[in-house]
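Please read the following account with the sequence and the three-dimensional view side by side.

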Amino acid sequence: MRSNMPVTNNEYVLTDTDSIVSITDLQGKITYINEDFKRISGFREEELMGQPQNIVRHPDMPVEAFADFWATLKSGRPWVGYVKNRCKNGDYYWVQANATAVYERGQLTGYMSVRGKPSRTAVEASDRAYALFREGKAKGLAIRDGKVVKTGLMSKLNIFKDMSVKTRLITIIAIVVSLMLLIGVLGVSGMKKNNESLRTVYEDRTIPMRQLGDIKEKVLHIRTAMVTGLTYKKEMPKQHEEIEQDMAGIDKLWDEYTATYLTPEEKILADKFSADYKRCINDGVKPAMKLQRDDKMNEAERFYWEQMRPVCKPVTGEMKDLLQLQA
């Protein structure tokens, strides 16, 4: 693992409007950087292009974080976490990093990372946790999909924690089938009641989990497509078409999901997501797309970071809460 030295104790704190964007090829070598990347890191463009992304790695970052970073991306999932980076002069800066795969014409071509200002609470918590990993004291902890999680007995008993939505569905169906076979072995008494319970699990939990998982993926893709349109102007029409398809798909899936039985707690979460998602689309996504179509790219980029991103931020967390409730 590359160790960049020397380092200082001077921190550069990102502003609310700072947005660091970079794209790498499949080997992790930098192919694109924006102005904020150069300005904040202190490197010149010619010093960064073609270099490994870890040219800005700070030695305080544990190897486990980057192992998780690449394992997550190569599995096809986005990575969201907190990273301490090193400037050219040895100073440091913390970011909340959002990384995802980049596809062109259906082929994986690289990875894009968009970084913004993290909260101080998140920085302090990450700093403490990463220190445990560096010092070999992180017993019972691991980094997965960018998050520090417990790996104790109760965590191991949670069979769903590392599964994709698709794998969870297959596992649940296997469990349902096994239960039905068990019922057959034990006899037919109470069959009707048990079948009704299994039907409820399938219709009111398994199917909604798939619907919500698909919605979550489409929401993340909308944000990625918007940044891609800002970065590659020639890709904008294709990205807008995909965003329109995602929005139509989300509307259809949401109608199907809300047609199922919702518990009182679930309905509260669903209503909050619905209101915030509409606000995200009407006050964020659609105005941002219009600015891009009107070829006002500088305004579109400012609008994305200052307006769309903040108004859409609650949506991802609320969808995660709904998925956790299903599980």
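A charge is said to sit over a ring if NZ of Lys or CZ of Arg is within 6 Å of the ring centre and within 35 degrees of the ring normal. In this structure, the charged end of K84 sits over the ring of Y92, at 4.3 Å from the centre of that ring. The model is a predicted one, in which local features need pLDDT of at least 70 and side-chain atom pairs count only at pLDDT 80 or more, while totals for chains, interfaces and linings use all residues. Residues are numbered from 1 along each chain as its sequence is written, and side-chain values use heavy atoms, with hydrogens and water left out.

Contacts between rings come next. A pair of aromatic rings is described by the distance of the centres and the angle of the planes. Rings of Phe, Tyr and Trp (for Trp, its six-membered ring) pair if their centres lie within 6.5 Å, and the planes count as stacked when under 30 degrees apart, as edge-to-face when over 60, and as tilted for the rest. By this rule there are eight aromatic pairs. One of them joins F69 and W79, whose rings are edge-to-face, with 5.1 Å from centre to centre and 70 degrees between the planes. Because F69 lies in helix α3 (residues 63-74) and W79 in strand β3 (residues 79-86), this pair ties together parts that are 10 residues apart in sequence; helices (H or I, at least four residues) and strands (E, at least two) are here DSSP runs, numbered from the N terminus. Both F69 and W79 are buried, where buried means under 20% relative accessible area, exposed means over 50%, and partly exposed covers what is in between (1.4 Å probe, protein chains only). F69 and W79 also belong, with W70 and Y111, to one aromatic cluster.

Another geometry is found between F273 and Y277: their ring centres are 5.8 Å apart and their planes lie at 10 degrees, so this pair is stacked. Both residues lie in helix α9 (residues 264-293), where they are four residues apart, about one turn of the helix. F273 counts as buried at 1% relative accessibility, and Y277, with a relative accessible area of 9%, is buried as well.

Axes are lines fitted to C-alpha atoms, for helices over the stretch in contact, and the angles run from 0 to 180 degrees between N-to-C directions. The axes of α9 and helix α10 (residues 297-326) come within 8 Å and cross at roughly 160 degrees. The two helices, α9 and α10, are therefore roughly antiparallel to each other, given that angles under 35 degrees count as roughly parallel, over 145 as roughly antiparallel, 65 to 115 as roughly perpendicular and the rest as oblique. The crossing of α9 and α10 is left-handed, a term for the case in which the near helix is turned anticlockwise from the far one by less than a right angle, whereas clockwise makes a crossing right-handed. The contact of α9 with α10 holds 20 nonpolar, three polar and nine charged residues, where Ala, Val, Leu, Ile, Met, Phe, Trp, Tyr, Cys and Pro count as nonpolar, Asp, Glu, Lys and Arg as charged, and the others, Gly among them, as polar.

D295 is partly exposed, with a relative accessible area of 45%. D145 likewise has a positive phi, near 55 degrees, in a residue other than glycine; D145 is placed in the loop between β6 (141-144) and β7 (147-150) and is partly exposed, with a relative accessible area of 26%.

I243 lies in helix α8 and counts as buried at 0% relative accessibility, and the C-alpha atoms of I243 and V219, 24 residues apart along the chain, are separated by 9.1 Å. G229, found in helix α7 (residues 191-231), is buried with a relative accessible area of 0%, and G229 and E301 are 9.8 Å apart in space, C-alpha to C-alpha, although 72 residues apart in sequence.
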